[in-house]
Amino acid sequence: MKNLKYFILITFISTSFFSCDDDFLDTVPNDRISSELFWQTDQDAVFAANAVYPFLLQDAFSFTMWDAMSDIGHVTLQWRDESLVEKGAHNSSNGKVASEWAFAYRGIQAANIFMGNVEKMTPQDPALIERLKAEVKVIRAYSYIRLAILYGDVPLVDHELTLEESRELTRTPVEQVWDFISDELTAAAASLPKVQSDKGRITKGAALALKARAMLYAGRYTEAALAAKEVMDLQVYSLNASYKDLFSYQAQNTAEIILDRQFAKNVNNNNIFNLTTPNSIWPQVNQFVPRKRAVDAYQMANGKDITDPTSGFDPYNPYINRDPRLGYTIYTLGDTLLNGTIYNPEPNSGTGDAIGSSENSTFSGFNVKKYLNPEDMAQPTNCGINIILLRYAEVLLTYAEAKIEANDIDQSVLDAINEVRQRPDVNMPPITVMGGQEELREIVRKERTVELAFEGLRYFDIRRWRIAEDLTGIIKGMTYENNSGELVTIALTGFDIAFDKERDYLWPIPNDERVLNPNLTQNPGW
C-alpha cells in the first residue's frame with residue numbers, strides 16, 4: 001500500500017448518492033463517481049476498501065498528542081486544546097474532544113458505506129470480497145475502541161446512516177460496544193490471512209492483536225490473554241533485534257510490526273519529524289516534550305530503579321548506565337543530534353534547545369527521539385516513515401498484564417515480560433522472582449511505560465489503570481548542575497496538571513453533537 005493512489009476515493013465513499021424517478025433528472029453526475037457506475041467489479045471493492053484505511057490514523061499530530069497529554073509528556077504550546085486537557089480545563093466545546101469524536105464516526109460511516117454496497121455486488125472472487133470486508137471490520141472496530149475508552153457509552157451504528165437517523169441516535173451502553181468490538185474482530189480474524197502480499201494490509205494477527213488490546217481496555221482479562229496468545233501462536237511475529245532501529249526506515253514491515261499506517265514521501269506523507277524534533281535541528285516546530293517522570297521510569301542497567309539506594313544512580317551523571325531504551329527514545333543532555341551538534345538544553349546555553357529560548361523549545365530539557373531519521377532532515381514535513389499502531393512487544397506485555405489481572409500467574413507471564421526486556425540491544429536483567437499479583441502488576445506497568453513510550457498508548461493506560469488523579473501537580477524537567485555546582489531541577493511554573501477523578505475518566509460528549517441531536521445524553525460532571 002506504499003504507493004496507493006486511490007485514497008482520493010474517500011470522498012466517494014463518504015458521499016451519499018440520491019436518485020430520482022424523473023427521467024430528466026436521472027443523469028450521470030460529471031463531478032464525482034456515481035454509485036451506479038461504481039461497485040461493479042472486484043477491483044472497485046479493492047479501491048473502496050483502500051479508501052477506508054486512512055481512518056486508522058487522523059494525522060501524525062493527533063498520534064503524538066496522546067502521550068503529550070499523559071504523565072510522561074507535555075504539550076509545548078500552552079494555547080493548544082490538548083494543553084487544556086492536561087490542566088483539566090477542557091470542556092464539551094474543546095477542539096480535541098470534538099475532533100476525535102468526529103473522526104471516529106467519519107471512519108465508521110465510511111466502513112458502513114463500504115459494507116452496505118459491497119453486499120450488493122456479485123463478486124468474481126468471493127474470497128477476496130470476504131477478506132476486504134474483514135479488513136474494513138477491523139478498521140471500524142479500531143474506531144469504536146477509541147470512542148469507548150474516551151467517551152464510554154456511544155451510539156453503536158453498523159449501517160450507513162441517513163441524516164434523519166443521525167439526529168435520532170442514542171448512546172449504547174459501553175459493555176455492548178465492547179461486545180460488538182470483540183465479535184467483529186473475532187469474525188474478521190477468521191477471514192483474514194496470516195500474511196498479506198500487499199504490505200500494510202490488515203492481517204489475522206492484526207485483528208487478534210487489536211482484540212487483545214480492546215479486551216485489556218475493557219477489563220476482560222481472560223479474553224485479552226487468549227487473543228494475545230493466539231497472536232503469539234501464529235508464529236508470524238517476533239521482536240526486532242534492534243530497538244534502536246525499530247522506528248527507522250530500515251525496520252519498516254519487519255516481523256515485529258503487526259499494524260501500521262503506511263506513508264510515502266511525496267505521495268502520502270506525514271510530518272512526525274516536524275512535530276517532535278529539537279529546535280537546533282529544525283526550529284520553531286516542536287509540539288511536545290518528555291517530562292522528568294518519563295526519564296526517571298527507566299531503570300539502571302542492573303535492573304534496579306533509580307530510587308533504590310543500591311542502584312548506583314549518580315545524580316551528577318544521571319544518564320549513565322541506564323536501560324538502553326532511554327537513549328533510544330529520548331534526547332538527553334550531551335547526546336549527539338542528527339545534524340552532528342551536541343544537545344545542550346541547559347538554560348542560557350546559547351543553543352536553539354536552551355530551556356526558555358523560544359515558544360517551541362523544550363521546557364524540560366528533553367526531546368523525543370523516536371521516528372526522527374536523517375532521511376527526513378531535508379524536508380521535515382515530507383516524511384515517508386510508517387507510524388506503528390500495533391507491534392509484537394505490546395502483544396507480549398498485554399498477554400502478561402492480562403494474565404496478572406486475571407490472577408492466572410505462571411511462568412509464561414515472566415517469559416513474556418523477559419522476552420521484551422532481553423531484546424538483543426536492550427538486554428535488561430530478566431525478572432526471575434514469581435511475585436504476587438500486586439508486585440507483578442507494578443513490574444508489567446513499568447515495562448509498558450518504557451517499552452511503549454511516545455507510541456500513543458500511555459494516555460489510555462493511566463486512565464484504564466485509574467491512576468490519573470495520582471499523577472497531578474507541578475511538571476518537572478531535567479536536573480542539571482549549575483555554575484555553583486548545585487543540582488537544579490527544572491519545574492514549569494504556573495502550569496499544574498489537574499484531574500478530577502469524579503469527572504475526567506470520561507470525556508464529555510461534544511457540545512455540537514448534542515445540539516444536533518438532543519437524544520445524546522452527557523457524561524457525569526460535564
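**View 1. Glutamate 405 and its contacts.** Glutamate 405 touches Tyr221, Gln437, Arg441 and Arg445, leaving out residues up to four places away in sequence. Contact means heavy atoms within 4.5 Å. Glutamate 405 sits in helix α14. Helices (H or I, at least four residues) and strands (E, at least two) are DSSP runs, numbered from the N terminus. With a relative accessible area of 16%, glutamate 405 is buried. Buried means under 20% relative accessible area, exposed over 50%, and partly exposed in between (1.4 Å probe, protein chains only). This is a predicted model, in which local features need pLDDT of at least 70, side-chain atom pairs count only at pLDDT 80 or more, and totals for chains, interfaces and linings use all residues. Residues are numbered from 1 along each chain as its sequence is written, and side-chain values use heavy atoms, with hydrogens and water left out.

**View 2. Confidence along the chain.** The mean pLDDT of the protein is 92. pLDDT is the predictor's confidence in each residue, from 0 to 100. A value of 70 or more is reached by 93% of the residues. Over residues 1-32, pLDDT stays under 50. For that stretch the model has 54 contacts beyond four places in sequence.

**View 3. Helix α9 against helix α14.** Helix α9 covers residues 204-218, and helix α14 covers residues 392-405. Their axes come within 10 Å and cross at roughly 40°. That makes α9 oblique to α14. Axes are lines fitted to C-alpha atoms, for helices over the stretch in contact, and angles run from 0 to 180 degrees between N-to-C directions. Angles under 35 degrees count as roughly parallel, over 145 as roughly antiparallel, 65 to 115 as roughly perpendicular, and the rest as oblique. The crossing of α9 and α14 is left-handed. Left-handed means that the near helix is turned anticlockwise from the far one by less than a right angle; clockwise is right-handed. From α9, Ala209, Ala212, Arg213 and Leu216 take part. They meet Glu394, Val395, Thr398, Glu401 and Ala402 of α14. The contact of α9 with α14 has 5 nonpolar, 1 polar and 3 charged residues. Ala, Val, Leu, Ile, Met, Phe, Trp, Tyr, Cys and Pro count as nonpolar, Asp, Glu, Lys and Arg as charged, and the others, Gly among them, as polar.

**View 4. Helix α6 against helix α8.** The axes of helix α6 (residues 126-151) and α8 come within 9 Å. They cross at roughly 155°. The two helices, α6 and α8, are therefore roughly antiparallel to each other. α6 passes α8 in a left-handed crossing. On the α6 side, the contact residues include Arg131, Ala134, Tyr144 and Ile149. On the α8 side, they include Val177, Trp178, Phe180 and Glu184. By class, the contact of α6 with α8 divides into 15 nonpolar, 1 polar and 5 charged residues.

**View 5. Helix α15 against helix α16.** Helix α15 (residues 411-421) packs on helix α16 (residues 437-451) at an angle of about 30°. Their axes are 11 Å apart. α15 and α16 are therefore roughly parallel to each other. The crossing of α15 past α16 is left-handed. Leu414, Ile417, Val420 and Arg421 of α15 meet Leu440, Ile443, Val444, Glu447 and Glu451 of α16. The contact of α15 with α16 has 6 nonpolar, no polar and 3 charged residues.

**View 6. The loops on either side of α9.** Lysine 199 lies in the loop between α8 (174-191) and α9. Lysine 199 is partly exposed, with a relative accessible area of 43%. Its C-alpha atom is 23 Å from that of glutamate 184, 15 residues apart along the chain. Arginine 220 lies in the loop between α9 and α10. Arginine 220 is buried, at 16% relative accessible area. Leaving aside neighbours within four places in sequence, arginine 220 is in contact with Glu175, Trp178, Asp179 and Met215.

**View 7. The loop between β4 and β5.** Glutamate 346 is found in this loop, between β4 and β5. At 23% relative accessibility, glutamate 346 counts as partly exposed. Not counting residues up to four places away in sequence, glutamate 346 touches Leu333, Ala354, Ile355, Met478 and Tyr480. Asparagine 348 is also placed between β4 (330-331) and β5 (367-368). Asparagine 348 has a positive phi of about 65°, although it is not a glycine. At 79% relative accessibility, asparagine 348 counts as exposed.
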